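Work through the exercises below with the sequence and the coordinates open. Each task is followed by a stepwise solution.

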Amino acid sequence: MKKLLRNTLRSSWFQRAVGFLAAEYLRLVWRTNRFTFDPPDVYDIVEPQIPAIFAFWHGQHFLTPFIKNKDSYRAKVLISRHRDGEFNAIAVERLGIGLIRGSGDHGGAFHRKGGVGAFREMVHTLQDGCNVALTADVPKRSRVAGLGIIMLARESGRPIMPFAMATSRFIRLKNWDRTTINLPFGRGALVGIKEIHVPADADAAMMETLRLELEETLNEATRRAYAHLGRPGPEDA
């Protein structure tokens, strides 16, 4: 029975079906939540900065494809090669976002997980005028920003745009990243506080300072997004 279940989960038809349903569900959530923006002119602020690196916390990421509000904007998202990533990849592609497969982790498994190739592809994507989106967390360490995204900004010369999205109705799981499943028919908030620039000559000390700044900015954006809706954030879960 376990083997049958494992084979079903790995089958391409099952992954395509789940990815299709996930994409259409998220589209429903986006269309039935009334979103506010903080600051109100956030798109006017961001547009002159693109292509940019859009950063968000893992577990708070399901609605992030919908920040692409113009067909002329191009974007790719980093998704792991793990089996669970296949569902996300299929859903994201259906929502009009390109894919970069690999790991954003710069730890010991960086090479094994395709991190080197993914990093190069992200740099080339930005050089080609296309935005890149990725989670900032160190794998399995919620709300701890990794250095990978700082390295990407230094190498590419493009700004990091940290942001958070939340809805007033949700289900929050009790897992490592406190995954939040957004629900339809409520209110939503998108918060982007400021961009972060990493100089090309940034040394290790400066990169660590900017990593902490990214972490603090994402936490503040997340807190403000939930505060707009009068709901507890994941840090209160």
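**Exercise 1.** Which residues in the largest nonpolar core touch the most other members?

Solution. The model is a predicted one.
Step 1. The core holds 26 residues, and those touching the most other members are I53, L134, I149, I150, L152, I160 and L214.
Step 2. At least two residues of this core come from each of strand 2 (53-56), helix 5 (115-127), strand 5 (131-135), helix 6 (148-156) and helix 7 (204-229).
Step 3. Helix 5 supplies the largest share, 5 residues.
Step 4. Beyond its neighbours within four places in sequence, L214 contacts A55, A136, A145, I149, I150, I160, P162 and I196.
Step 5. Apart from this core lies another of 25 residues, including V29, V77, L95 and L190.

**Exercise 2.** Determine which residues of helix 2 are buried, and where they lie around the axis.

Solution. 
Step 1. With under 20% relative accessible area as the cut-off, the buried residues of helix 2 are Q15, G19, A23, L26, R27 and V29.
Step 2. These residues lie on the same side of helix 2 because they cover an arc of only 160° around the axis.
Step 3. W13, L21 and R31 are exposed, on the face of helix 2 turned away from the buried side.

**Exercise 3.** Describe the chain as a whole: what share of its 237 residues is buried?

Solution. 
Step 1. The chain contains 7 helices and 12 strands.
Step 2. Of its 237 residues, 47% count as buried.
Step 3. Among contacts with a separation of 6 or more, 71% join residues 24 or more positions apart.
Step 4. The accessible surface is about 12,100 Å², with 55% belonging to carbon and sulfur atoms.

Terms used: Residues are numbered from 1 along each chain as its sequence is written. This is a predicted model: local features need pLDDT of at least 70, side-chain atom pairs count only at pLDDT 80 or more; totals for chains, interfaces and linings use all residues. Side-chain values use heavy atoms; hydrogens and water are left out. Buried means under 20% relative accessible area, exposed over 50%, partly exposed in between (1.4 Å probe, protein chains only). Helices (H or I, at least four residues) and strands (E, at least two) are DSSP runs, numbered from the N terminus. The arc is that of the directions from the helix axis to the C-beta atoms. Contact means heavy atoms within 4.5 Å. Accessible areas come from the Shrake-Rupley method with a 1.4 Å probe; for residues, only the protein chains shown count as cover. A nonpolar core is a set of buried Ala, Val, Leu, Ile, Met, Phe, Trp, Tyr and Cys residues joined through side-chain atoms within 4.5 Å.
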